Amino acid sequence: MVKHNATEAGGQLSNQIVGHINSSYSKDGCKSEVYSEVFGELNRLHLSVDCTNFATLQRVSEKMAADSKDQDLLSRAGDLFVDGTLKDKIYARPPTQ
């Protein structure tokens with residue numbers, strides 16, 4: 001959740017993160033988007049990274065951990081987001097027949 005006084009900056013940083021992920025990792029099979037809640041918690045953003053499969057997510061996560069640009073962007077989040085509200089979740093699509 002973005003701090004009340006950092007709504008615009010939090011949105012801008014989220015868009016920068018999404019842009020970097022898409023420009024750096026789309027060729028690896030991952031794309032990213034950011035959404036803001038319309039109903040529910042004000043100032044809540046959801047950053048989505050969609051990868052072709054779990055192995056791709058693991059590989060891209062390792063690349064991101066070693067990428068100084070990613071680390072720089074993520075380090076700036078600490079000043080903009082409420083402590084304890086940044087959470088990682090992994091979802092899978094159900095199998096299709």
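Begin by selecting Leu13, Tyr25 and Phe81: in this predicted model, these residues have the most contacts inside the largest nonpolar core, which has 14 residues. Next, colour helix H1 (7-25) and helix H2 (54-66), each of which supplies at least two residues of this core. H1 gives the most, with 4 residues. As background, nonpolar side chains in soluble globular proteins tend to be buried together.

**Leucine 13**

Centre the view on leucine 13 and display its surroundings. Apart from neighbours within four places in sequence, leucine 13 is in contact with Leu73, Arg76, Ala77, Leu80 and Phe81. Of these partners, Phe81 has already been selected as one of the core residues with the most contacts.

**Histidine 20**

Remain on helix H1 and move to histidine 20, which has its place there. Is this residue buried or exposed? Histidine 20 counts as buried because its relative accessibility is 10%, and the cut-off for buried is under 20%.

**Helix H2**

Within H2, highlight Thr56, Val60 and Met64, the buried residues of the helix. Turn the view to look down the axis of H2: the buried residues fall within an arc of 70°, so they line one face of the helix.

Which exposed residues does the face turned away from the buried side of H2 carry? Select Glu62, Ala65 and Ala66 to see them. Return to the buried side and display what covers its residues, which includes H1, strand E1 (30-36), strand E2 (45-51) and helix H3 (68-75).

Then zoom in on the start of H2. There, a side-chain oxygen of asparagine 53 comes to within 3.2 Å of the backbone nitrogen of alanine 55.

**Asparagine 43**

Finish in the loop between E1 and E2, where asparagine 43 is found. Inspect its backbone: asparagine 43 has a positive phi of about 70°, although it is not a glycine. At 23% relative accessibility, this asparagine counts as partly exposed.

Technical notes: Residues numbered from 1 in each chain as written. Predicted model: local features only at pLDDT ≥ 70, side-chain atom pairs only at ≥ 80, totals over all residues. Heavy atoms only, no water. Core = buried A, V, L, I, M, F, W, Y, C linked by side-chain atoms within 4.5 Å. Buried < 20%, exposed > 50% of the residue type's maximum accessible area, 1.4 Å probe, protein only. Contact = heavy atoms within 4.5 Å. Arc of directions from axis to C-beta. Polar contact = N/O pair within 3.5 Å; in protein donor to acceptor, adjacent residues only side chain to side chain.
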